[in-house]
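Here are my notes for your review. Please read them with the model open beside you.

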Amino acid sequence: MSHKRIPKRKAVIAAGSVVALGAAALILPNAMASQTDATEGAAPRTVKAAEASDLASQLAELLGEAYAGAYYDSGKQQLIINVVGDDNNIIVQAEEAGAVVQQVDNSTKELTAASQTLKADATIPGTSWAVDPRTNKIQVTADSTVTGAKWDQLESTVNTLGSGMATIKKSAGTFKTFVEGGDAIFGGGARCSLGFNVVADDGSPAFLTAGHCGVAAAQWSDSEAGAPIGTVEAATFPGDGDFALVKYDDPATEAPSTVNTGQQSVEITQAAEAAVGQAVIRMGSTTGLNDGEVTGLNATVNYPEGTVTGLIQTNVCAEPGDSGGSLFTADGSAIGLTSGGSGDCTVGGETFFQPVTTALAAVGATLGAGDAGAGAGEEAGAGEEAGAGEEAGAGEEAGAGGDAVGGEEVGGEEQVGGVEDQNGQVEDQNGDGVDDESGLTNNQ
């Protein structure tokens, strides 16, 4: 994203008519009314990814304790609902709403209790866990630092949960946070990514980034040696999330609600909840544009700095310098802010993102009013076109990601680096930086 005005003639991917995940546009009774009145289950509905999370939350309320999670089948464009038990009335209700029913053994209550056991007995740096609704189990992941007694402790805890409740896999690399981002931003010798421009609760222009960036430095610049452009207003990390609100120091700053991909901009029209199986895109100042899908929700990650809860797990790759950046959909929905993960864009791994909806609610900010704080009478492009490669501030292209990676299990020799730089000057900044394994790229 950019905090600078984008010329009107710049290519923009319009979001079109997008259905907000939390909106009331898809109301369960209406969805059911559109189906056949037959007593047997109706044919599954084709639903858009943006509708899936909203329909799932409505079914969760309707089905009560029988509901055991849901995921989105992007190939068939269907919502799969996990149901515990064989109550035919409940199954028919879910099918009449247009979902595909998958009968499973583990209830939401049982999975939640198992997660609490992991929290109490296996909060080990380098581990993470999240419920995988596709398998109806908790997927526990351990990075390369979890060995010896730590591995034994983790494995023993998982075994106490009982068979069929959880699985463990090894991940390449180590779980850590990373700085750099949508537009690269710099503070305190570290680099992060600007996630999404927002409007603060007092109407002033601001942006969201990762919380571990917000606690690393109080002020941030859009160039390595430039003057600060924003001051941290609030930051959470570790704990219940990884997000920060940074207010622009100049109240007249134009902060358009777009993500700059380097070639064009994606207009961001709303914040939306993620759904397992949903296709998502990440932009990063280190690794450029990458895509993948959501693999887990409400993930717990045990970073060296502490435990972070409530994250989105994906298989989108990212590398150091992508933290705080944007996770979004092709139709213009803001989904997450890059937190961290393991691996890189060569070997793959896991990536975790802070849900945008949670961050917005916590800081009282909103998306959408991109011209908040814009100077009166100032016209887009009036002699202010981004020239000489200055598309995203300080000559850098938009980014956003985290230390993400593609969800592969460790199966061979770990590879490091080997990713071609896609972002011009960022290559030089990375070359000058010293990765101290804390996740912050220090520029000396």
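1. Ground rules. This is a predicted model, in which local features need pLDDT of at least 70 and side-chain atom pairs count only at pLDDT 80 or more, while totals for chains, interfaces and linings use all residues. Residues are numbered from 1 along each chain as its sequence is written, and side-chain values use heavy atoms, with hydrogens and water left out.

2. The main core. The largest nonpolar core has 21 residues. Such a core is a set of buried Ala, Val, Leu, Ile, Met, Phe, Trp, Tyr and Cys residues joined through side-chain atoms within 4.5 Å. Buried means under 20% relative accessible area, exposed means over 50%, and partly exposed is in between (1.4 Å probe, protein chains only). Phe196 and Leu208 have the most contacts inside this core. At least two core residues come from each of β11 (196–199), β12 (205–209), β15 (243–248), β19 (279–284), β23 (333–341) and α7 (356–363). Helix α7 gives the most, with four residues. Helices (H or I, at least four residues) and strands (E, at least two) are DSSP runs, numbered from the N terminus.

3. A separate core. Another core, of 17 residues, lies apart from the largest one. Val47, Tyr67, Ile81 and Ala99 are among its members.

4. Helices α2 and α3. How do α2 and α3 run relative to each other? Helix α2 (residues 49–63) packs on helix α3 (residues 88–96) at an angle of about 160 degrees, and their axes are 11 Å apart. Axes are lines fitted to C-alpha atoms, for helices over the stretch in contact, with angles from 0 to 180 degrees between N-to-C directions. The pair is therefore roughly antiparallel, a label for angles over 145 degrees. On the α2 side, Leu59, Leu62 and Leu63 make the contact; on the α3 side, Ile90, Gln93 and Ala94 do. Contact means heavy atoms within 4.5 Å.

5. Glu293. This residue sits in strand β20 (residues 288–303). Glu293 counts as partly exposed because its relative accessibility is 23%. Its side chain joins that of Arg134 in a polar contact of 2.8 Å. A polar contact is a pair of N or O atoms within 3.5 Å; within protein, one must be able to donate a hydrogen and the other to accept it, and residues adjacent in sequence count only if both atoms are side-chain atoms. Not counting residues up to four places away in sequence, Glu293 also touches Gly277, Gln278, Ala279, Val280, Thr314, Asn315 and Val316.

6. Thr357. The side chains of Thr357 and Glu273 form a polar contact of 3.1 Å. Neighbours within four places aside, Thr357 is in contact with Ala271, Ala272 and Glu273.

7. Backbone points to check. Most residues other than glycine have a negative phi, and most peptide bonds are trans. Asn136, in the loop between β5 (127–132) and β6 (137–142), has a positive phi near 60 degrees. Asn136 is buried at 5% relative accessibility. Asn298, in strand β20, has a positive phi of about 55 degrees. Asn298 is exposed, at 58%. The peptide bond from Phe237 to Pro238 is cis, with omega near -15 degrees. Pro238 lies in the loop between β14 (230–236) and β15.

Technical notes: Parallel < 35°, antiparallel > 145°, perpendicular 65-115°, else oblique.
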